[in-house]
Amino acid sequence: MRATRPLALAAAGALALTACGGGDSVDTGGGGGGGDNTLVAAVSAQPDQFDPHVTTAYASFQVLENVYDTLVVPDPEDLTMQPSLATEWQTSDDGLEWRFTLRDGVTFHDGSEFDSADVVYSYNRIIDEELSNSFRFQNVESVEADGADTVVLTLSQPTPNLLERIGSFKGMAILPENAAEDLDLTTEANGTGPFQLESSDASSTVLTAYEDYWDGAPSVDGVEFQYITEPAAALTALQNGEVQWTDNVPPQQIESLGGDDDVELETTPSVDYWYMSMNYGRPPFDNRDVRRAISFALDREEIAEAAWFGAAQPNQTAIPEDSFFHLDYSPFERDPEQARQLLQQAGVTTPLTMGLMVTDEYPETVTAAQVIASQLDEVGIDVQIEQLDFATWLDRQGAGDYDAFYLGWLGNLDPAAYYQEQHQTDGPNNYQGYSNPQVDQLLQQGATETDDEARKEIYDQAAKIIVDDVSYLYLYNPDVVQAWAPGLSGYQIRADKAINFENVELP
Amino acid sequence: MTGAPVPPPDAPVAGQGDAKGTSPGPTALRPARPRWRETLGLLARNPTAAVASLVLVGIVLMAIFDETLAPQGPSEVSVQDRLQSPSWAHPFGTDDLGRDILSRVILGAGVSLRVGFLAVGIALVIGTLIGLLAGFYGRWVDDVLMRVMDMLFAFPAVLLAIAVLAVRGPGSGNTALAIGIVYIPIFARVTRASVLGVREEVYVRASRSVGASDFRLLTRHVLPNAAPPIIVQTSISLAFAVLAEAALSFLGLGTQPPNPSWGLMLAEGRGFIDIAWWLAFFPGMAIFLTVLCFNLLGDGLRDVLDPRQRTLMAGGGR
């Protein structure tokens, strides 16, 4: 039910149970010629399915990133939108009509030509069937072909972040026309990307290079994604040379891996953020002073350090430092005295009991919750940690049956994606029940403002109010941590955690 | 009818050794020492069981005085002191949140033992009652009760416990309940088998023939004489209950963080085994030691409580 790409990737964990931990001899998979030139990547979970328009699982997108294309793609360096299947685009003066010119000579993996009908089909499938990303088209009135090489999107209101909406990840992938009728998209794929989906089973997913890829055939013959749930096992496999790449690195090992010659480790600040949310429907957490007291009682440095061993940046707002839209605003420094005063002012009798929902699906929530419990204990708040399986967790979040919870959101590029759905009155992800007319108005303004500087100004204002009201209690932005075999080249670690093996070359 | 007094249950055993040579008469039938003291005495002569009991007494004392003994609170987080190797300040080192592992092992003893005793208590009371009724009355009572027990027994133990926890939600109390339910059939079976052997004994029939009520028969004659295997089972089950609590906590279903439990500490320490062995080692040792001692005590009790062995031992034999 969570719309943007949440960390709420329910399927990933459930499937991790069925994924056996690597260990098999390196099966280079069929097709693709010489097996020695296949990259073996260790990932933590099995994809739940391969329909890009339906799945919300990160494990699926790790694979799909290499199989499908979108009209535009984020630049690996700064995540600004660059041409992909669309080579150029024009916006009408009123901002209500976007014309995309499509690339020539692109073919799907089955050999069929790519044209505007495929784009119209793909977008309308998402809109008409109200699939998980349909909200990204909320301002789109129609998607029409104008000849074989042009697609026109007509909007109901100016949407400055339209490119981010249709290009930020492969959930907006272009499928061939009638793909849903011709193929079983949950297990099959027919994209325009650099690799074709060869096979997938309970231990691995195998991709083979697509020789006719429009940007030139990839350097390797194929990619095998092996599911290795245990971070320690994934790391060992990398050190032994059984796999050449992994994103399943235990944070506590980051430091010691720095000096390890068998492993090349890289980190980069991600666009994810982790937060605590309190339920406005449960007194006394509807009281702004109580929420502010809790915010004053926390030491974000210590929480980030505990969960990520230094590989996370404490942040009191959502948007990370490297982003243009970052706001340097930190009104809450740890101050137990002020926290106690605010609690008293709110008329709360201590000890106040607060349930904190966490899930073993994301172990850092359990770790962080224990630090939070210890810090809040000092100001007279007795935190009862409730460790749930993720399905139960989501049910209770949806039902509003909690005092507070701890979770994160990942992969946001545009400021609207950070704030709109989470903090607008009755927003789809506003589970906490926050409502502030001023914020609503600012978010509406920001969604249609076309000038970047002016937009930043608007979102800065909104963010300040959200932080001050403690709608979300923002804690930190973790780093992306990935490791690969020394000598592996052509791979770029990205803040949005997209994993693209198009140009990778084995040592 | 003023016939010969019904021999007390333990007469054939206890009369021999110490009572020998005292004046004959009705008192001769009474043991010179209470039976439990004799049992303890015999146990003390079994070195392994004696050491195991001592260690267990130590662990129980540690669990009782945990707050006093623990140098630090179990949940005092101090991230800057994380992952320190064992030292004088922290004899067992510190964990990934900078908590003192010695303190957590000590406080974990209370959690583990409470769950263990509670679980075995539940299983002991309910299971023994069911076994007693089934064995004593036989026929349809036996059939009905034992078939239900067979059904419970058909589930793998951990699976059944997980099912109970899935319904009741995780936590220490529910963990005890879940483990208790799992062990009910074992106690029922052991008790029933023992009762079947006892209920046709001469003293039971004699007592019945003088008009003793079923209640009296069960409580005065059948249960005391059917008890030894149940006592042994209790000790061994305690070992398994501690282990089961650790397993369920390891899976995240038992004791919830930040409360210390050995199984939970083991689970938390697992990810650090490469860089900080002490996180998992000490709770692991605690589980190992406790389970081993309960098992050794169980073995010792079995030897001591077996009438034939006991006669031999009491007579000075080996």
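Two strands pair if DSSP finds at least two bridges between them. Strands (E, at least two residues) and helices (H or I, at least four) are DSSP runs, numbered from the N terminus. Strand 5 (residues 97-102) of chain A and strand 7 (residues 150-155) of chain A run antiparallel and are joined by five bridges.

The structure is a predicted model, in which local features need pLDDT of at least 70 and side-chain atom pairs count only at pLDDT 80 or more, while totals for chains, interfaces and linings use all residues. Residues are numbered from 1 along each chain as its sequence is written, and chains are lettered from A and ligands numbered from 1 in the order in which they are written.

In chain A, the strand pair belongs to an open sheet of four strands. The strand order is 4-5-7-6, with antiparallel pairing. Strand 4 (86-91) and strand 6 (140-145) of chain A form the edges, since each pairs on one side only. From one strand to the next, the twist averages 20°. Helix 3 (residues 116-128) of chain A packs on the sheet and touches strand 5, strand 6 and strand 7 of chain A. Its direction makes about 155° with that of strand 6 of chain A. Here axes are lines fitted to C-alpha atoms, for helices over the stretch in contact, and angles run from 0 to 180 degrees between N-to-C directions.

A:Phe100 has A:Val151 of strand 7 as its bridge partner. A:Thr101 stands opposite A:Thr150 in strand 7 of chain A. The hairpin of strand 6 and strand 7 of chain A has four residues between the strands. In this hairpin, A:Gly147 takes a positive phi near 80°.

In a regular strand the side chains alternate between the two faces of the sheet. Strand 7 of chain A has a covered face made up of A:Val151, A:Leu153 and A:Leu155. Its uncovered face holds A:Thr150, A:Val152 and A:Thr154.

Chain B contains 13 helices and zero strands. Of its 318 residues, 44% count as buried. A residue is buried if 20 or more other C-beta atoms lie within 10 Å of its own, exposed if 12 or fewer, and partly exposed in between, with C-beta atoms placed from the backbone. Among contacts in chain B with a separation of 6 or more, 67% come from residues 24 or more positions apart. Two residues are in contact if their C-beta atoms, placed from the backbone, lie within 7 Å.

An unreviewed UniProt entry annotates residues 109-298 of chain B as "domain: ABC transmembrane type-1". Over these residues the chain is 84% helix and 0% strand, and the end C-alpha atoms are 20 Å apart. UniProt (unreviewed entry) also lists "transmembrane region" spans in chain B, including residues 115-136 and 173-190. Such annotations may be inferred rather than shown by experiment. Residues 115-136 of chain B are 100% helix, with end C-alpha atoms 31 Å apart. Residues 173-190 of chain B are also 100% helix, with end C-alpha atoms 26 Å apart.

The contact between the chains takes 17 residues from chain A and 15 residues from chain B. On the chain A side, helix 11 (363-377) is one of the elements that supply at least two residues. Helix 11 of chain A gives the largest share, five residues.
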